Amino acid sequence: MTVTAPAQDSNAVVYLAACNDRQLLVQRCNQCQHFQFYPRLFCTACGSSNLASVQSSGLGRIATYTLVRKAPAMAPDQLPLAVALIDLDEGVRLMSNIVECDAEQLRCGMRVGVKFIQQEDEQWIPVFTPLNPEEEGCDE
Amino acid sequence: MKSRSVSIVGMAETQLGVIKDRSPMELGATAVVGACADAGLSVGDIDGLITSNSLVAPLMYHAEATAEYLGITPRHCLSVATGGGTTFTAIHHAAMAIEAGLADTVVVAMADSMRSGLSREQALRVQASSGHPVYERPYCPTVPAYYALIARAHMDAYGTTEEQLAEAMVSSRAWAANNPTSQYRDLVSVADVLASPLIADPLRLLDCSIVSDGGAALVLTRTERAADMAQPAVELLGYGEAHHYEHISQAPSLTTSAAAESGRMAYAQAGLGPEKIDIAQLYDCFSIALLIQLEDLGFCAKGEGGAFLQSGATRPDGALPVNTHGGMLSHCHPGNPGALFAVTEAVKQFRGEAGERQQTDVNHILLHAQGGIMSSHSSLILGRGH
């Protein structure tokens with residue numbers, strides 16, 4: 001018996017392939033210049049299907065964050081896990097983890113930059129790490 | 001609002017809390033039979049049945065299977081799934097079915113066994129099934145974590161404190177202490193909440209709702225017909241819904257929810273405002289959800305939800321009784337049916353059956369529920385039927 005898997009989201013395929021090349025893609029509408037994340041077939045601002053995938057600067061700010069202390073699916077040594085919403089400089093928001101940070105130092109508005117880590121299934125995913133103010137220049 | 005002429009004329013709750021010896025179907029059917037008896041009707045009088053599926057024992061055709069279990073043959077059957085908002089969506093669909101002539105006597109029934117019926121594997125699946133599969137789940141968010149993201153954003157924007165969030169549980173227990181059917185009835189202090197373990201900063205164990213078994217059912221019919229029924233009618237005066245996103249990373253605002261919009265619609269339909277609300281029955285899945293609803297539904301200004309809770313306004317001796325049954329923080333939360341107990345309590349308050357929790361001069365009760373991660377919102381205003 002042949003089992004047919006449902007079609008994968010074509011935009012997600014492109015996004016995940018770019019992640020494996022350590023690139024974070026966001027979509028920009030060629031019609032109205034609106035940036036959007038996650039990628040879709042249509043612009044949520046103007047409805048156009050004329051969209052470009054562009055590489056994000058990978059820089060942004062922590063919009064909000066939490067430290068997950070209890071998670072049934074996770075091993076205790078993986079906790080606490082910093083889950084955050086990141087506002088990229090392009091003007092889009094995405095969920096991610098903050099890594100290589102002192103959990104007590106996290107705060108809303110903190111500047112962060114992207115890096116990529118590999119999951120158990122070998123897929124690379126974007127995570128973020130705090131930037132040194134000097135490293136980044138004038139932002140803070 | 002002239003066309004709205006539908007009332008709740010019967011209701012029943014099952015045993016609530018930890019019920020190990022009844023299946024979700026048995027709980028749901030028991031609630032239906034009880035609600036019909038309360039209304040002075042027989043189960044065979046039901047010609048519309050609206051249910052929500054059980055998470056523990058899901059069925060492909062849940063409402064139809066419930067009808068079959070009861071031995072009835074309704075001409076309108078619907079199973080609703082809008083998460084926490086399921087209850088009020090179902091009530092609204094019941095009203096629409098009655099107004100459209102699809103049915104005359106509609107029962108809304110929901111029950112589940114989230115406390116006793118979930119295996120560890122099922123619980124893990126439930127936990128992992130929220131969040132966008134590509135853009136969120138790889139980061140291992142939990143349901144409390146989503147609400148913690150909202151809480152942190154509210155603290156950052158408005159200076160809301162953990163002490164203020166803790167007041168949600170303090171208020172909930174002050175009501176629950178007077179409700180014999182409440183799963184937890186011990187009073188707690190702000191210090192108790194702050195001493196409970198962190199689940200996802202800044203939310204602690206006692207910022208989170210409980211997990212329960214149980215169910216309830218309502219009987220709805222045209223208000224004009226209600227005059228001949230066994231119980232005084234509780235009329236649907238206003239309803240509003242708003243859906244702004246599904247995944248928290250797509251929320252247009254983390255600190256103002258679509259409750260502001262659904263509330264506005266419900267107030268406009270009922271022709272009244274928050275100052276006319278005698279009791280508010282809100283969706284307290286987490287402390288922060290309650291706090292934001294108090295703001296968005298107009299009971300205090302944006303950013304002042306923390307101070308409002310801290311003032312004691314929502315407690316038994318306060319200006320705005322909130323969740324007089326104890327809410328989902330203390331009373332009963334079997335999943336999708338959770339908000340149904342906000343309705344049964346409202347009916348008790350209108351009928352004068354709320355025991356030690358009974359409020360005087362209850363004319364208008366606002367109920368609000370939300371599904372997803374503060375994503376889908378529904379507001380309902382109830383009044384005394386005429």
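Predicted model: local features only at pLDDT ≥ 70, side-chain atom pairs only at ≥ 80, totals over all residues.
Residues are numbered from 1 along each chain as its sequence is written, and chains are lettered from A in the order in which they are written. Local features need pLDDT of at least 70, side-chain atom pairs count only at pLDDT 80 or more, totals for chains, interfaces and linings use all residues, and side-chain values use heavy atoms, with hydrogens and water left out.

A pair of aromatic rings is described by the distance of the centres and the angle of the planes. Rings of Phe, Tyr and Trp (its six-membered ring) pair if their centres lie within 6.5 Å; planes under 30 degrees apart count as stacked, over 60 as edge-to-face and the rest as tilted. Over all chains, the structure holds 5 aromatic pairs. One of them joins Tyr15(A) and Phe37(A) edge-to-face, with 5.5 Å centre to centre and 70° between the planes. Tyr15(A) lies in helix H1 (residues 10-20) of chain A and Phe37(A) in the loop between strand S2 (35-36) and strand S3 (51-55) of that chain, so the pair ties together parts that are 22 residues apart in sequence. Helices (H or I, at least four residues) and strands (E, at least two) are DSSP runs, numbered from the N terminus.

Tyr15(A) also forms an edge-to-face pair with Tyr135(B), at 5.1 Å centre to centre and 65° between the planes. Because Tyr135(B) lies in the loop between helix H4 (120-128) and helix H5 (143-158) of chain B, while Tyr15(A) lies in helix H1 of chain A, this pair joins two chains. Buried means under 20% relative accessible area, exposed over 50%, partly exposed in between (1.4 Å probe, protein chains only). Tyr15(A) is buried, with a relative accessible area of 4%, and Tyr135(B) counts as buried at 5%. Phe37(A) is buried too. Ring pairs link Tyr15(A), Phe37(A), Tyr38(A) and Tyr135(B) into a cluster.

A charge sits over a ring if NZ of Lys or CZ of Arg is within 6 Å of the ring centre and within 35 degrees of the ring normal. Arg40(A) lies over the face of Tyr38(A), at 3.9 Å from the ring centre. Arg22(A) lies over the face of Trp124(A), at 3.6 Å from the ring centre.

A disulfide is a pair of cysteine sulfur atoms within 2.5 Å. The count comes to 0 disulfides over all chains. For Cys19(A), the nearest cysteine sulfur is that of Cys140(B), 16 Å away; Cys19(A) counts as buried at 0% relative accessibility. For Cys332(B), the nearest cysteine sulfur is that of Cys285(B), 15 Å away, and Cys332(B) counts as buried at 1% relative accessibility.
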